[in-house]
Each structure stands twice: as structure tokens, then as C-alpha cells.
Amino acid sequence: METAIDIVLKLVAITVAFTVVLLIVAYTVLAERRVLGLIQGRLGPNRVGYGGMLQPFADLLKFILKEDIVPDKSTRFIYFLAPVIATMAALMTMIVYPFGPEITIPFTSITIPLTIARFDVGLLYVLGITSIGVYGIMLAGWSSNNKYSLMGGLRSSAQMISYELALGLSLIGVIVLAGTLDLGQIVENQSAWHGTRWYILFNPLGFVVYLIAAIAETNRVPFDLPEAETELVAGFHTEYSAMKFALFFMAEYINMFTVSMLATTLFFGGWNVPFLDLIFARGTFIFGLISALGFIFKVCVFLFIYIWLRGTLPRFRFDQLMNFGWKILLPLALLSIFITATLIYAFPNL
Amino acid sequence: MLALLFILFAGLAIGCGLAVVAQRNPLYSAISLIGVFISLACLYVMLAAPFIAAVQVIVYAGAIMVLVVFVIMLLNVEQEERGRPRLKFLVPTAVALSAILIAEVAFILVSVQEFRVNPTSPPSNVGLTHSIGTQLFTRYLLPFEITSILLLMAIVGAMTLARRGGLLSPNARVVPGAQVLPLSMVDPNAEPDDLRPVEADSSDEAARTLGITDFRNQSKRD
């Protein structure tokens, strides 16, 4: 009986988390179009609903109603499988992030943690699932039977393999500082000093490397070579239309969201809002609520940085991308590990 | 519940394993192999070894198989024709080897039945990250370091093999704008039909190698 209630609770938690995340993702798309409009001195979509607030749903309706075109010579099964893999891998990492501290529901004694699953290797789980996501793009490029798609898929896999190394190494500093791979524990370690003991203070270089590598991992400007529209039409999703294209589109934005969540969790204290425990007691409902909102706010700041970069920077050339990844970013990541380890050796009580 | 999950993942692993061998399209085989690795990772989680499971997914499914799929895509390997097998002696060998494997599995099953471990032992932390790390850096430090040196040797070997031969410099890469010329155009002592490539970083450098001194002026005159 206990397990049955547990399973139902988990299913409810998964549904709530996925719905909230997908809503935020939908509004990220709108925010991107409005902010890009702002940067480029135009308005952006503002007609559907108040200030364009219903635009994401109009877009969704359009994606669903469009004709779904399947290329004649494509490899059918893999062509259908690829967007599913991309979206699934993007969504599956959502379950380990701590969205907030444990909260007690008012007027009852039920305590629920604001995280869906908590286990010993949360961080490795995130890295593993992220590395599965590359198959979606590769297989999409291959199965479309289109040379632009194939080029996009190959570029993307080469890029993701190269930057995965720097990404993984940039996280080791935090792992060494925290002494655990459990994301919940990592956040709790950062709640000392009234919630300001953030790991970016001890490992700023690691954060810079992580941010750059994460942008490359999500194929965003200035690392959006897999879909460079001036050379490759649209890259790996050239042949995808209607809802299947929407799945790739969603996967990209969900990936942006998850790497932002990881940056927040590892470097910016997760749900810790500075000095909040001086105002509200830890463990109360209002404390949990503000913490969770603080977490979402930090993630949204990262999403804004993504959009800002897209409005600002030009695209890399492919050899620049590879040189940068292997010759600059990777040594910097190693240096950040070295500095962090030295810091801990010099100040063991840090 | 656990038994059901075990049957699900074990069945998936076996099914995908069969598909790896049975598929004629190499890409389908590779995808089936990824399925095997992921089902195995799920089985590791059920055996309370989450670290091994995560590493299984990261290393095998996320890195090695990406390279395999990459190569299959790059070479565009055709679907294998279903014809007469070329190496006929392989069939009896395969039968014999699988018979040995089945005998081994049967032996293990029987011996496990005989020496049943008492399941009431307290929960251990053997599969967790902390204990694995501690053991790797204390008791098993030497094997761990030897393995890392072995990997380093493999990397250096691969680099050496990839860079051997040719007249291209070690830093040579095909960059938009770089000139790659046949050797016969550059080296006066070479055979006239020697088409091995030589790399130059810029038009100036290529002109210098060719002995054209007034390269800039020439282009201006036109």
C-alpha cells in the first residue's frame, strides 16, 4: 500500500514538474522573440493575447495542424525515432533537480521534498542522459537522406563529443568541493553563510568553462553550427516538418533549461536565496515557496543570457570551434580542477 | 514488482542483443547495441550499483557508441547482402563456443544455488560512489594507475597512427583559405607526376615555395 501511494505521489510530482517546465520553455520561446526584437529595434510578436502572451499556444496549434511531410527515401523507423529520442533525453534529466527544499503543506504534517527523485549519482545521471541526447540529432541527420541534414548531424556529434569533455571536467571542481554527486546534497552544502556559500566563489574558472561548454552542448549561438542556416539550410532538421520539427525545437529549449538548472544548482546555490533564513524559519511553507521561486528566477537569468548571446554574437567557423574546444577550453578546465584542488589542500576547512 | 522490472529489462537486453546479430543494416545493429547497454544499466541500478549504471551509460552508450554510429554514418555502410556466408567454418565454431558459454552459465547457476548467501545481511554501501572512490584510491591504486597509463598509451598510439606518412606537416588541417598543392609543383627534385599533397597556410607562403617573388605585384597588375 505504501509503495502504491509513493508511486502515485511520484507520478503527480512528475506531471507537475514537466508541465511547469514545458510552460516555462514555451514562454522562453516567446521571451526570445520579444527580447531579440528589443535588441534589433523591432517589436516581436505582440498580437496574440495581451502583449503576445498567447503566442506559444498559437505556435503549438500551428505545429499540430501543419502537414507532416516524410521524405520519400528516408529511413522511416529511425526518422520517426530521432525526434522522440531528442525530446525524451531532454525531459528525463528533469527528475533529479532539487527545485526547492523540503516543504510542509500548511495545516497538515505532510512533508514533501521538491525534487522528484534523489539518488547517489544524480550528477552522473544528468551527464549520462545528456550524452544520449546526441543520438536524436545524429540519427535525424542520417535518416533524412539529405546531404545538408547529414552534414548537420555529423557536425553536431563532433561538436558534442568535443565539448562534453570540457563540460565534464569543469564540473569536477564542484564535485571535489562538495564531496558528493548527489545534487540535493550539493545544494544543501551551499546553504551555509545564510545561503550565500555558493560554489562559484571558490570555482569561478570552472563556471566560465561550464557556461561556454554548455552553450556548445545545446547547439546555441555562437556554437549553432549544426543548423547554420547560411550553409546548411537548417542542418539536421531540414527535412522535418510539423510536430516532429516542434519536438526538436522543444528539445533544444528544454536542453537550454536543464543546463541552466545545472549551472544554478552547482554554482549558484540552487534554491538558496541569500539571507532568507533570517526572515523566515527554515522548513516553513513560505520559506520553501520563496526558495523554489528563487531557483526558477536564477534559471531564468541564465535563459536571458542565452537569448542575449543570440542577439549579440556571430557564429564560429568549424575549425575555430574545434580549436577553441580542444586547445583552450579543455586546458582551462584542467587548470580549474588544479586550482580548486590546491585551494582545498591549502584550506581544508573551506 | 522488482521481479517484473527485472523480467522487463532482462528481456529488453536479450531482445536487443539478438537484434544486434540479426539486423542486416549496421546502423540498426548499433542502435540495438545501445539498447543492450541501457537495459544493462537499468539492471545495475536494480542491483544497487547506481555508479556503475551511470558510468555504463556515459562511457558505453554516450561515448563509444556515438563514435561507432558516427563512423557508420560517415562511411555510409551499405546494408549487407543476404547471400551465402563466405567463411563457412565460422558456423560450427559459433555453435561450439555458444555451447561452452551455456555450459558455463549453467555451472554458475548451479553453484549459486548451492552456496546461497544469507539475504538478511545489513545493507551495504558497496555500489555507492564514495566507497568505490575510496577503494580505487587506496586498495586498488596500482591497477587504477596502470589502467590509466594503458589508456594514455592507446591515445598516443592512435595519434601516431593517424599522423604517420604524407608530407603534410603535423599541424596540417584543411582550412578554408589554405593552399594544398601537389608536391611536383613545389619541389623541383620530385617526380613530375608526384601528386602527394603539400600544405601552405597562405597564398604568400605557397608563392615563396614556388619561387614567385613578385606575387603581390603580379596580382595588382591584373
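Predicted model: local features only at pLDDT ≥ 70, side-chain atom pairs only at ≥ 80, totals over all residues.
Residues are numbered from 1 along each chain as its sequence is written, while chains are lettered from A and ligands numbered from 1 in the order in which they are written.

**View 1. Chain A overall.** Chain A has twelve helices and two strands. Helices (H or I, at least four residues) and strands (E, at least two) are DSSP runs, numbered from the N terminus. From that end, the order is α-α-α-β-β-α-α-α-α-α-α-α-α-α. The C-alpha atoms fill a box of roughly 60 × 50 × 50 Å along the principal axes.

View 2. Strand β1 (residues 100-104) and strand β2 (residues 111-114) of chain A pair in the antiparallel sense over three bridges. Strands pair if DSSP finds at least two bridges between them. A:Gly100 stands opposite A:Leu114 in β2(A). A:Thr104 has A:Thr111 as its bridge partner in β2(A). Six residues lie between the strands, and A:Phe107 in this hairpin takes a positive phi near 70°.

**View 3. Helix α3(A) against helix α4(A).** The axes of α3 (residues 76-92) of chain A and α4(A) come within 8 Å and cross at roughly 160°. Axes are lines fitted to C-alpha atoms, for helices over the stretch in contact, and angles run from 0 to 180 degrees between N-to-C directions. The two helices are therefore roughly antiparallel (angles under 35 degrees count as roughly parallel, over 145 as roughly antiparallel, 65 to 115 as roughly perpendicular and the rest as oblique). α3(A) passes α4(A) in a left-handed crossing. Left-handed means that the near helix is turned anticlockwise from the far one by less than a right angle; clockwise is right-handed. Contact residues include A:Tyr79 and A:Ala86 of α3(A), and A:Ile132 and A:Tyr135 of α4(A). Residues are in contact if their C-beta atoms, placed from the backbone, lie within 7 Å. By class, this contact has 16 nonpolar, three polar and no charged residues. Ala, Val, Leu, Ile, Met, Phe, Trp, Tyr, Cys and Pro count as nonpolar, Asp, Glu, Lys and Arg as charged, and the others, Gly among them, as polar.

**View 4. Helix α5(A) against helix α8(A).** The axes of α5(A) and α8 (residues 204-217) of chain A come within 8 Å and cross at roughly 150°. This pair is therefore roughly antiparallel. α5(A) passes α8(A) in a left-handed crossing. Among the residues that meet are A:Tyr163 and A:Leu167 in α5(A), and A:Val209 and A:Tyr210 in α8(A). The contact has eleven nonpolar, four polar and two charged residues.

**View 5. Chain A meets chain B.** In this interface, 19 residues of chain A are in contact with 18 residues of chain B. On the side of chain A, α4 (122-143) and α5 are the elements that give two or more residues. α4(A) gives the largest share, nine residues. The residues on this side divide into 13 nonpolar, four polar and two charged.

**View 6. Helix α5(A) against helix α3(B).** The axes of α5 (residues 147-178) of chain A and α3 (residues 50-75) of chain B come within 11 Å and cross at roughly 150°. They are therefore roughly antiparallel. α5(A) passes α3(B) in a left-handed crossing. A:Leu150, A:Gly153, A:Leu154, A:Ser157 and A:Ile161 meet B:Val66, B:Phe70, B:Met73 and B:Leu74.

Conventions: Contact = placed C-beta atoms within 7 Å.
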